[in-house]
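My entries follow in the order in which I made them.

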Amino acid sequence: MIRIGICDDERYMSDRIQAMVSGFFRQKNIEIKILQFSSGEELIKYDKKIDILFLDIQMKGIDGIETARKLRRRKFKGVLIFITVLKEMVFQSFEVQPYDYLVKPIEEQYFKKMMERLLASMKNASEENLLIQKGYESRIISIEDIVFCEIIDRKIYLNLASAEVIDYYDRIENLEKKLNHGFFRCHRSYLIHLKYLKSYKNRTAYMENGREIPVSRLRSKEFSNVILQYMKGGED
């Protein structure tokens with residue numbers, strides 16, 4: 001699921017962007033969740049993940065650029081798209097790394113082209129996201145959120161940090177190629193994310209979500225070496 005935030009103190013504009021965003025992703029059969037905020041102050045108080053943020057620059061109270069600065073200082077890593085009346089305002093915003101900007105009144109054709117570019121870049125960012133095809137639906141999953149992957153009867157089950165489990169048909173070998181070096185195939189049926197490994201003992205990997213994952217005898221020695229290298233490098 002892609003979490004999308006819209007922050008604009010004009011309700012009409014916020015609703016218009018919501019309608020355009022909903023229509024775009026509905027056509028792509030991609031599941032989204034939209035969150036609306038009426039001020040920078042309200043947005044800053046929100047402490048959950050946002051993948052794409054539409055942020056008005058000219059707002060009462062804290063303006064959009066200052067709001068973006070505060071979010072980036074808090075390690076906000078989402079895609080930032082500014083909404084503005086004046087293009088010139090964007091020249092003040094390079095430090096917060098905006099992806100693009102929309103000028104009011106928003107042209108729907110430009111909006112669609114921008115979103116097509118954004119979606120393509122999200123799909124290509126294989127080191128950060130995983131595109132899951134389930135029937136006629138597509139979902140973009142953050143690789144960082146995957147605790148471990150399990151295969152049962154040709155179906156892969158992605159166990160996420162949120163406790164959600166997503167299942168779809170694929171070969172675990174295909175999934176292994178798509179995931180980064182932070183994962184290890186500890187068993188023919190399991191791929192674990194080393195980031196969420198709590199401890200390892202007696203050929204059992206204990207994960208942060210409480211699950212105990214078996215480590216095969218043939219992979220146990222390599223697994224011990226991988227853990228040591230991972231700890232030394234401090235990499236995800």
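The entries below record what I looked up in this predicted model.

Entry 1, the largest pocket. I began with the volume of the largest pocket, which is about 1200 Å³. I then listed its lining and found 38 residues, with Lys 49, Ile 50, Asp 51, Ser 142 and Asp 145 lying nearest the centre. Two or more lining residues come from each of β1 (2-7), α4 (108-124) and β7 (137-142). I noted that β7 gives the most, with 4 residues. Sorted by class, the lining holds 17 nonpolar, 5 polar and 16 charged residues.

I searched for disulfides and found 0 in the structure. Cys 186 is in no disulfide, and the nearest cysteine sulfur, that of Cys 149, is 10 Å away. A disulfide would need the two sulfur atoms within 2.5 Å. I also looked up accessibility: Cys 186 counts as buried, at 0% relative accessibility. Cys 7 is likewise buried, with a relative accessible area of 0%.

I recorded 24 residues in the largest nonpolar core, where Ile 17, Phe 25, Ile 52, Phe 54 and Phe 111 have the most contacts inside it. The elements giving two or more residues to this core are β1, α1 (11-27), β3 (52-56), β4 (79-84) and α4. I then followed Phe 25 and left out residues up to four places away in sequence; Phe 25 touches Ile 2, Ile 4, Ile 30, Ile 32, Ile 52, Met 115 and Leu 119. In soluble globular proteins, nonpolar side chains tend to be buried together.

Note on methods. Residues numbered from 1 in each chain as written. Predicted model: local features only at pLDDT ≥ 70, side-chain atom pairs only at ≥ 80, totals over all residues. Heavy atoms only, no water. 1 Å grid on protein atoms, 1.4 Å probe; cavity = no way out; pocket = protein on both sides within 12 Å on 5 of 7 lines; lining within 4 Å. Points joined across faces, edges and corners; volume = space filled by probe spheres on them. Nonpolar A, V, L, I, M, F, W, Y, C, P; charged D, E, K, R; others polar. Buried < 20%, exposed > 50% of the residue type's maximum accessible area, 1.4 Å probe, protein only. Core = buried A, V, L, I, M, F, W, Y, C linked by side-chain atoms within 4.5 Å. Contact = heavy atoms within 4.5 Å.
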